[in-house]
Every structure is written in structure tokens, then in C-alpha cells.
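I opened this notebook to keep track of what I looked up, entry by entry, with the criteria written beside each finding.

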Amino acid sequence: MRAGMRGLGVMLVGLAAAAANAPSAGAGTYDVVSCGAPGAGGVNRAWRPEASAFPPNPPDPSSYELADQCPSQLLVRSSTVDGNAPFLTGGNWIFDAPAGTRLTRLETWRFGVKLRTAANDPQPGQDGDQGDTWRIFARDDGAQIIGGVFGETCTTKPGDIGCTFGSDSGVGAASHAVYGINAGTISYTVSCEDLSGCPRAYKGAPIATIKLFGTRVTVSDSNAPSLKVGGPLLSPGWRKPSHVLTYDASDNVGVRAARLEIGGTTRRVAASCDYHRPVPCATRRAATLSVPPGTPDGIHNARIVAEDAAGNGTAVPRQIMLDGTPPTAELERARGNTIVVAVGDATSGVASAGIEVRNRSKEPYRNLPTTLAAGRLRAKLDRGSASRIDMRVTVRDAAGNVTQGSPTRLSVTSAKFGRRTRRVRSNRVKVPFGRRAAVHGRLLLSAGQPLADQTIGVASTVRRRGARAQLVGAVRTGRSGRFSIRIPPGPSRTLRFVYGGASGVLGAARAVSYRVPASSTIRASRRRLSGEGRVRFSGRLRTRGQRVPARGLLLVLQGRERGRWRTFDDTRTDGRGRWHATYNFSGRRGRYPIRVRIRHQSSYPFELGYSRALTVRVG
């Protein structure tokens, strides 16, 4: 009874110790694989061999055989040499949890076998059953058998020649077992448990053997890495995407990756880790991280994160002000002795700008005194004509991005439809409904030299709220710097011409409002009246594929009288653009031209327009 109570007390103490060392909630885990376990590739770098003994006796390695025979197995068994193994000496394969971690799961493919010594020839002076002198088992650092009484151990019953656990069939269902554990160390052991010692072999065959064909051990770690960060990218002020940050991370189970999260993008750099080892990754990693491609300019609340081998992360927040876009510079005026360049930077702002000029290409550039205000860089030319002088503009933004080169003149001059040509005035041009037009322009350097064989991209945005730009195409300039692009029939839109620049030449852009008047058909139920009568007018908007709002559009009917157009009725179309209206003529003799006036409306991408006029004769 007392012995039983002592055993219960020891068990309770062991359970309390196990609870005190249980991994905390939210701990990360990883698996360490060995030998024939799936993914292990026949490699053991986790289990270490050890011969043990009962102090103060030294270990007796001659009593045991420990062999790393991966990819097939890890072997521990009593020696094949005759003689006795000393009491409480053992051969072990041991798996140690890294510092600060616990082992929480053991998946094993194994075989254990031992013989009862009574089945052997007794030594001289011995007779009868010597009992079950050997033990084979797996246990944790609290001396608890893994899996309990029916787990990783076996006991030979009187009358039996031995016992086994698992199967000698290699990696497969018969040798497979899974246990939930909570340990700092686990070991597979063959041990002599008899005070007088244990026979090592019987006719050259070992008495006790354990084979480990493969294991997968789960390590639980609740410790997050330590992390220090620095470097140019994290310095105060605006930074360029080419700047990098530095980090220095340490962890008890190793640092597997570091990442930078910024502006909805992530750059993750993984270390080389070996999950055959209890500590898979280097415990310290110091390196750099760069800005991920596609990170937008702006002020970002970024995070630098270090991950350990178990997936635990430590994040350091930092505000990063990022600007990777060079400033813009576009020649606005070069006339007389006045030079005006529009400069800007949408993110960090323009920090400095300057203008250099030269009268001939073989002369060196000379600086002009400039003033910068309200996005305009102004200079007075000291000699020569501003419209015929070579210029070089340099603009630097607060992040250090630099734009430098000769400014260009990108002009959009006219639109030609049929035999008619209309000039572009105030960046606007009007083209009749349903007509295709060729839009012309020219690209020159600041001194008027043509830029030949350059590409200009053209995008179109329909004049409707929320519309997105669509690429129309790209054109090449000719020898005189001229270019032309055909614009298909359609609604009003904004055409944006963009020249990206070249070596030493600045880009330019020009937007043109391409305006198309609305149009409608018109019909009359009758065109001639002999006196008073009613006429029904009807028609349909011509849309060129543009949708009409479901509630329709307002139209105005007008008649021409005494040299002026006068409104006499209004109506609304249906959702398909159809309309009708009725008017009662008084019978007064005359010819009455009638038309429909379609006002510009924000939901319909056409300008003010009219139908053709038809004539109603009365009398």
C-alpha cells in the first residue's frame, strides 16, 4: 500500500512538472524527420547515440551495438559477444529538444524485440528461470514510458521466449505509431535491469534489439526571435526604392526568413534550413532587405518581420516615406528672353531645379539664374533667343530622384476629317458625329530641332464619369518630327499623347479634348398641313455604342421663326434613346424648319448637338 502511494506521489509530481513545462498557447511548431520517414530522404541528423551507466560505474560500450544505418534504420542492441552487460548499463538513441522548446509529438516506424534468458543455455552454476532481465523501451526525460504500459515497450511473460513491439517490416502500417508527448528529451533504449548483469548474446545473437526505421518529431517553440533593424531605407525623410534596410535576427531554433511588408507588397527572403536537425536554421541571421517590386510611392506604415523555424514572428513597425518616381519637367514657354519650365513631383516634392543653356552645340552649357515658385521654374536668357537656344534642365526631388535632359516641345496641331481640317485651339478640337479623323502633331527639341523616329503613345478616356483610359496605339515621328494618328468614330474623349523621352532628352505629354456633338434622327408624321393640325415628331439618339441612362435624356424641340431658333417643346428619351413629341400648329401659313437640340449631359459622353432640320409647310 505504501509502495503504491509512493508510486502515485511520484506520478503526480511528474504530471505537475510536465504541466509546468507545457508549451504556451500559440506556440509555433515544426517537424524534424529522420531515416525512412516521409520527406527525410534516408538521412539522420537528429538522433544521437549514447552508452549510459548507473553512477558511479562508467558506461560499457562493449555491451551494446549502436549503428546509424540510414536510409534503412537506426540500430541499438545488446552485443553479439558472450558475457554479461553490467547492471543498468544501456545503449540509447536520443533526441534532444532545442533549448527553450518542448517535444509534443512522436511519429515512429520501429521494431523492438527481446528474449527471456531462461530460453538460453544457462551459464555454469546457473539453473532455472533467470527472469526478464533486459528492457527495451522509449521514454522521456521524466522517465515515463512513451505511450504508457502498452506503448513503446514490452514485457516477456513467464513461459514465453520473448516479446516484441512494432514490426520488423520497415516503414509501413505495421511498424507505425503516433504519440502525443510533452518532453525535453526522448530516447530509445536497450538496458540491462538485473543486479547480477545480463547475458549479452545467445550463440552470437543479441538478446535485445530496437530498430528505428524512421521518425517524425514535432518541436513546439513559444519563443519569438529577437530583431534589430536599421539601414538607409529606415533613415528619416524620403527614400528611394533602391535603398535597403539591414536586419539582425537571432532565435533559439534558428531564423528561417525575414520579410518587409510595405504598401500592400511583401519581400520575403528565406534562409537555408535543414529540418533533419532539431535546430534547423542558423540561430543568427544578419542581412539586407530591399523594397519589393511594384511598391507604390507614398508614406507607408511598414513592418519588418523575422520568422523562426517554428513560424513564430517578431515584427518591428517603421514608417517609410518612399518615392521612386523622378520629377517631371516640361517646357512651357520659350519666347524672347523668357524661359518657363513646369516642374513637379507628385510624392516627395521638388527640392531643387536649374536651367543651363548654350547658343551652339559645341559650346559648354552655362547656368542661368532661376526662380522656382508654384511649380514654375523661370529664367531670363542672357543672350540669344529663347525659342532657338539649346537647354538642359535638371530637377531633383526630396528623395534624391533626378530628371535631367533637354526639354521637348510636343504639340498637337490639328484634326482632319474628309477634306476639312480644324485647328487644335486651347487644347480642344471639335469633330463631327460619326466621322473618323486624323490627328496631327509635332515633336521638337527646345531649339526647334525635329526629333525623328521617336515613339509617342496615345491613350483615350471617354468623357464619362469613372471612365478609364484605353490605349489607342503608338505612332512614330517622321524626319520633320511630325506624327499622325487615326481616331475612329466615337464619343467625346480626352486624348493623351505621351513621349517617354530618350537619352538626354526629356519626355513630354499633351492632353487634347476631342469633342463630338450629339446627334439624333428626326421624323414627322406629316410634312404638309392645309390648316390647323397636329404633327407627331419622333426619332432616336445616335449613340455609336454608348449607353443611354435608364431614365433617358432631356431633348428640346426648336422651330425657326423670323430668323431665330425658338424652343417650343421638350421631351425625354427612353432607355434606348427613342423619343417623341406632338405639336399643334395653329394654321398660320408658312414654312417651319424643326430640329432637336441635345444638351450636353454628364451621363452621356457627347457635346451639345442637333439633329438635321426638317420643314413642315402650312397652308
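Entry 1, salt bridges. I count a salt bridge when a side-chain nitrogen of Lys or Arg is within 4 Å of a carboxyl oxygen of Asp or Glu. I note that this is a predicted model, in which local features need pLDDT of at least 70 and side-chain atom pairs count only at pLDDT 80 or more, while totals for chains, interfaces and linings use all residues. Residues are numbered from 1 along each chain as its sequence is written, and side-chain values use heavy atoms, with hydrogens and water left out.

By that criterion I found D382 in a salt bridge with R383, the closest N and O atoms being 3.8 Å apart. I then looked up their accessibility, where buried means under 20% relative accessible area, exposed over 50%, and partly exposed in between (1.4 Å probe, protein chains only). D382 counts as partly exposed because its relative accessibility is 46%, and R383 is likewise partly exposed at 46%.

The structure holds 27 salt bridges, and I followed up several of them. R77 and E65 meet through their side chains at 2.8 Å, N to O. Because R77 lies in strand 4 (residues 73–78) and E65 in strand 3 (residues 64–69), this pair ties together parts that are 12 residues apart in sequence. I use strand for a DSSP run of E of at least two residues, numbered from the N terminus. R77 is partly exposed at 22%, and E65 is partly exposed at 28%.

D132 and K114 also form a salt bridge, with the closest N and O atoms 2.8 Å apart. I placed D132 in the loop between strand 7 (101–115) and strand 8 (134–140) and K114 in strand 7, so that the pair links distant parts of the chain, 18 residues apart.

I traced an open sheet of five strands in the order 17-23-22-19-20, with mixed pairing. Strand 17 (238–239) and strand 20 (265–270) stand at the edges with a single partner strand each, so one side of each is left without a neighbour in the sheet. Two strands pair, as I use the word, if DSSP finds at least two bridges between them. Strand 22 (residues 298–308) and strand 23 (residues 313–322) pair in the antiparallel sense over 10 bridges, and V305 stands opposite A315 in strand 23.

I found a cis peptide bond joining P55 and P56, with omega about 5 degrees, and placed P56 in the loop between strand 2 (48–52) and strand 3. Another cis peptide bond joins C70 and P71, with omega about 20 degrees, and P71 is found in the loop between strand 3 and strand 4.

I also checked phi: C35, although not a glycine, has a positive value of about 50 degrees. C35 sits in strand 1 (residues 28–35) and counts as buried at 2% relative accessibility. R544, also not a glycine, has a positive phi of about 50 degrees, lies in the loop between strand 44 (533–542) and strand 45 (554–561), and is partly exposed at 44%.

Methods
Helices (H or I, at least four residues) and strands (E, at least two) are DSSP runs, numbered from the N terminus.
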